[in-house]
Structures are given as structure tokens and as C-alpha cells.
Amino acid sequence: MSESAAELYTTKADFAYLRVKELILSGTLPPGSVIAQVQLARDIGISTTPLREALRRLKSEGLVELDAHRDARVAPLAAEEARDLLELRRSLDPLAVALAAERRTKADIAAMRAAHEGLTPLPGNPAYEQLVAHRKFHTALYNASHNDLLIQTLDGLWDKADRYRRLALEVERDQAARDRKAAEHEALLEYVIAGDGESAAAVMHEHIATSLGAQAAWRLRKHHAETRPATEGDAAADADA
């Protein structure tokens, strides 16, 4: 964690929240892993009390599971959650950029251009800083919508979605796929700046439909179908085949 990031938080619980969240989103604490609270508190230089407060906050965001005995683990990835995230983003992200094209200000345009500068598609096993840069660009687009409820909703979805992006990146994308995503980022920027909400929404819809989150949802759904126990209906279908 950078010193400047830590300075944004004034309590040990806030510091713990930021640090543990980074460990989860970076994959250092992988989905489903047990959180050894005493050791983790020692590693990040705090007591277990602010750590437990941070874990409760992360539980409210769906990133951590806590049981009655205070045992903690990182929330596992789930096909249903991946599907739900994808369904929401298919509707909300295009809406956000369409509104941004209508309402962007000169300050918004400067922020979007700055966030886009040097942005590259995520590589396999991305560093936390690369995830942050990707988020910064999309956040600049959302902020230009000037719809606070929409911005807050998309911001809340982003942390959950980052874990699924990392899963999808376990399968390396070819250069053509990476170039396509870079072109979509460029088009989103230019359409929003130009005030073309319809085209911005169309590009965003395609961006989400072919996103890492969509790929992760497909992988998890496929895995679930392959590993679920056979039902009586399945057996009857097999018998008829």
C-alpha cells in the first residue's frame, strides 16, 4: 500500500479495511481462503480489534464471510453472483456513459483524458495498481453522468467484479482481444467527449457483453453444470437418449 493511500484513512480500522481489501482484490488472499486473523493483524501492524471491525465492513460488501465463532474467510466466487453482476452492468454502464455524454463538463473531460492516458488492457495476473488504473478510467466516465445514485451503485459493484476479472485472466487473451478492448476504451472516451450518448452506450454494451466479467460468468456456469450432481430428470433424459 502506498503511504499516500494510507493517509486517506484516519483510524486503524479504516487502514485495516483498505489493506485487507487490497489483499483480496490482488489475489494475495484468494477466494475461499481462511483468514488467519492474528497473523494478518501482525503482518499489517495492528491489533485484532480494528481488523475485526474491518472484516465486518468487508462482510457487508460481500468480500468476506464471518461465522458466529468469528472465523473468517474470503468469500468464494459464485456463478450466481457473476451472473447478477453481469446483468446489472449490462444495464447500468451504458446508462452511465449515455448520461455522461449529455452532462460532461470541462473538468470531467480533463479527468477522463488523464485516466485514459497510458491505460492498457489488463494482462494475466494483473497487479493491484493495474486494476486501480482500469477502475479509475471507468470511474471518470461514471462521474461525468452526475447521477450520484448511479455512481454509488456502480462503485459498489466494481470491487466484486474485480475478483471475477482476475479469474477470467487466468486464460491469457490474445493480442487481438486486447487490442479490441483498447479500441473500445478509446471509442468510449471520444463518444462521451463528443456528446454522442447513443454511440457511447452502444460501445459500452458491447464492452460489457465481451468483458472479463462475462467470460468469468461463462466459466463458472460451465463448471457448475459439469460438476453438479445428476438429477432424476437427467437420468431419465440419459435413458431416453
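Colleague: Where is His146 found?

Modeller: In this predicted model, His146 sits in the loop between H7 and H8.

Colleague: What is the phi of His146?

Modeller: His146 has a positive phi of about 55°, although it is not a glycine.

Colleague: Let us step back to the overall picture. How many helices and strands are there in the protein?

Modeller: The protein has twelve helices and two strands. From the N terminus on, the order of the elements is α-α-α-α-β-β-α-α-α-α-α-α-α-α.

Colleague: What box do the C-alpha atoms fill?

Modeller: Taken along the principal axes, the C-alpha atoms of the protein fill a box of roughly 65 × 55 × 35 Å. Of the 241 residues, 43% are buried.

Colleague: What about contacts between residues at least 6 apart in sequence: how many join residues at least 24 apart?

Modeller: The share is 74% of those contacts in the protein.

Colleague: Now the helix packing. At what angle do H6 and H7 pack?

Modeller: Helix H6 (residues 106–116) and helix H7 (residues 128–143) pack at an angle of about 165°, and their axes are 8 Å apart. H6 and H7 are therefore roughly antiparallel to each other, since an angle over 145 degrees counts as such. The crossing in which H6 passes H7 is left-handed.

Colleague: Which residues in H6 and H7 meet?

Modeller: On the H6 side they are Asp108, Ala111, Met112, Ala115 and His116, and they meet Lys136, Phe137, Ala140, Leu141 and Asn143 in H7. By class, this contact of H6 with H7 has six nonpolar, two polar and two charged residues.

Colleague: How do H6 and H9 pack, in angle and axis distance?

Modeller: H6 and H9 pack at about 170°, with their axes 11 Å apart. That angle makes H6 roughly antiparallel to H9.

Colleague: Which residues meet there, in H6 and in H9?

Modeller: Ile109, Met112, Arg113 and His116 in H6 meet His185, Glu186, Leu189, Glu190, Val192 and Ile193 in H9. The classes in the contact of H6 with H9 are five nonpolar, two polar and three charged residues.

Colleague: Let us look at Ile109. What is it in contact with, leaving aside neighbours within four places in sequence?

Modeller: With that exclusion, Ile109 is in contact with Arg104 and Ile193. Ile109 is also 80 residues from Leu189 in sequence, yet the two are 8.6 Å apart in space, C-alpha to C-alpha.

Colleague: Then His185 in H9. Is His185 buried or exposed?

Modeller: His185 is buried, because its relative accessible area is 3%, and the limit for buried is under 20%.

Colleague: What is His185 in contact with, again leaving aside neighbours within four places?

Modeller: His185 is in contact with His116, Leu119, His134, Phe137, His138 and His207.

Colleague: Changing topic to the largest nonpolar core: which residues touch the most other members?

Modeller: Of the 42 residues in that core, Val97, Met112, Leu141, Leu154 and Val192 touch the most other members.

Colleague: Which elements give two or more residues to this core?

Modeller: They are helix H5 (79–103), H6, H7, helix H8 (148–168), helix H9 (175–194), helix H10 (197–209) and helix H11 (212–227). The largest share, nine residues, comes from H5.

Colleague: What does Leu154 touch, not counting residues up to four places away in sequence?

Modeller: Leu154 touches Leu92, Asp93, Ala96 and Tyr142.

Technical notes. Residues are numbered from 1 along each chain as its sequence is written. This is a predicted model: local features need pLDDT of at least 70, side-chain atom pairs count only at pLDDT 80 or more; totals for chains, interfaces and linings use all residues. Side-chain values use heavy atoms; hydrogens and water are left out. Axes are lines fitted to C-alpha atoms, for helices over the stretch in contact, and angles run from 0 to 180 degrees between N-to-C directions. Helices (H or I, at least four residues) and strands (E, at least two) are DSSP runs, numbered from the N terminus. Angles under 35 degrees count as roughly parallel, over 145 as roughly antiparallel, 65 to 115 as roughly perpendicular and the rest as oblique. A crossing is left-handed if the near helix is turned anticlockwise from the far one by less than a right angle, and right-handed if clockwise. Contact means heavy atoms within 4.5 Å. Ala, Val, Leu, Ile, Met, Phe, Trp, Tyr, Cys and Pro count as nonpolar, Asp, Glu, Lys and Arg as charged, and the others, Gly among them, as polar. A nonpolar core is a set of buried Ala, Val, Leu, Ile, Met, Phe, Trp, Tyr and Cys residues joined through side-chain atoms within 4.5 Å. Buried means under 20% relative accessible area, exposed over 50%, partly exposed in between (1.4 Å probe, protein chains only).
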